[in-house]
Amino acid sequence: MSNVKHSNHPLISNRVAFLVIGCLEASWSPIVPFVKSAFALDEGRLGLLMLCSGLGSVAALPMAGYFCSRYGVKRTVWVSGILMIAALMAIASLLSPWLTAAMLFVFGACTILIDVSANVNGIILERRLDHHLMSGFHGGYSLGTLIGAFLMSCLFSLGLVPLSAVVVTTGLTLVAMLFGCKGLLAKANMPHESSPKKEKHRGGVPPLVIVVGLMCFVMYSAEGAVLGWGAVFAHENRGIDMRFAGFFYVAFAVMMTLTRFAGDFIVDRLGRRSVVAGGALLAAAGFAVTAFVPHAAATVAGFALVGLGAANLVPQLVSFAGVIPGIAVQNAVSIINALGYSGILVGPVAIGFIAQHFGLETSFAVIAVCCFVVASVTAHILKKA
């Protein structure tokens with residue numbers, strides 16, 4: 001424990017673990033048009049193919065906590081990262097839709113294993129150092145998405161085929177993971193219990209864990225709305241040329257990344273309750289501005305406001321869940337991620353359904369209301385946090 005207190009290496013390793021997830025996830029996104037074209041998929045079949053990644057994530061969730069306890073965080077991250085890279089290479093080979101579907105399932109499963117492991121590692125470090133760290137760790141993920149998307153886009157602009165671009169990107173990511181994640185917790189350093197036995201709930205899962213998970217469900221859906229529908233909204237509803245519509249998401253991503261890296265300082269100054277509840281209100285305002293002000297500048301400002309408000313919600317809710325009595329930290333994180341990642345699956349579908357019948361403005365307005373509910377609930381449950 002004294003080594004942890006006097007070394008920044010474990011903190012750097014935790015940030016790198018999150019960065020690895022972000023880089024690899026962002027590397028998949030630019031390949032999607034190539035997959036669609038290579039297999040002549042329509043939007044419906046492409047949507048089903050992409051669903052395989054989400055199914056893999058959900059399938060891996062029950063095992064994530066067990067792997068952390070059984071093998072430690074470091075080994076779980078390394079093995080999952082290597083499998084994730086291999087799956088991405090197979091996908092980029094564009095050999096068959098069935099192989100792509102299977103590899104997307106593996107890709108999604110490994111994503112959740114690394115995600116849960118990195119969150120568990122972060123919560124344990126927060127406990128040992130008695131300091132807010134989680135927002136900065138999640139900032140590593142946001143930075144990774146920017147690096148991965150930028151690098152893949154640059155490689156494609158140079159004329160590289162998908163497999164070559166993936167080999168370069170994942171090769172650099174692999175080096176970062178193997179050398180940058182050495183300070184993650186091994187099996188011997190994992191805590192056996194998160195709370196005394198007498199505090200355990202008979203039902204197995206404290207209700208507060210479910211509430212926190214549902215709040216993450218809403219916020220994951222909100223973030224997915226900007227990622228999946230932001231450029232479409234800018235093009236179809238605000239008349240922005242397709243070549244520039246993607247920059248509207250960049251406003252969101254950059255603001256989220258910067259705010260996450262400053263998040264721990266902000267939480268130390270304002271407190272977790274103010275940051276989470278206030279952030280949800282800002283996100284609600286951002287979606288409202290985007291939905292109701294019919295101007296391109298307002299859309300950029302709205303997406304940036306969503307990034308500013310939503311940046312620290314999930315990291316701080318996960319951190320809070322790690323100290324809920326009556327459940328092991330790895331199990332709490334697994335349950336919360338199960339509910340949160342369900343938002344990634346259900347959110348885009350629900351948004352598309354509402355948009356088909358009432359328009360994307362209405363979809364964003366509904367998300368604004370949901371974010372307001374998150375603000376109200378978190379203001380109540382975080383009174384003593």
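Me: Which helix gives the most to the nonpolar patch?
Reply: Helix 4 (residues 43-71), with three residues. Helices here are DSSP runs of H or I, at least four residues, numbered from the N terminus. This is a predicted model, where local features need pLDDT of at least 70, side-chain atom pairs count only at pLDDT 80 or more, and totals for chains, interfaces and linings use all residues. Residues are numbered from 1 along each chain as its sequence is written, and side-chain values use heavy atoms, with hydrogens and water left out.

Me: Which residues form the patch?
Reply: Leu48, Leu51, Leu55 and Phe105, with about 360 Å² of accessible area together. Leu48 sits in helix 4. Patch residues have over 30% relative accessible area and no salt bridge, and nonpolar side chains are joined within 5 Å. Areas are from the Shrake-Rupley method with a 1.4 Å probe.

Me: Switching topic: how many salt bridges are in the whole structure?
Reply: Two (a side-chain nitrogen of Lys or Arg within 4 Å of a carboxyl oxygen of Asp or Glu). Glu223 forms one with Arg260, the closest N and O atoms being 3.9 Å apart.

Me: What does the pair tie together?
Reply: Glu223 is in helix 9 (residues 207-236) and Arg260 in helix 10 (residues 242-261), so the pair links parts 37 residues apart in sequence.

Me: At what angle do helix 2 and helix 7 cross?
Reply: Roughly 35 degrees, and the axes of helix 2 (residues 9-28) and helix 7 (residues 134-157) come within 6 Å. Axes are lines fitted to C-alpha atoms over the stretch in contact, with angles from 0 to 180 degrees between N-to-C directions.

Terms used. Helices (H or I, at least four residues) and strands (E, at least two) are DSSP runs, numbered from the N terminus. Patches are made of residues with over 30% relative accessible area and no salt bridge: like charges are joined within 9 Å, nonpolar side chains (Val, Leu, Ile, Met, Phe, Trp, Tyr) within 5 Å.
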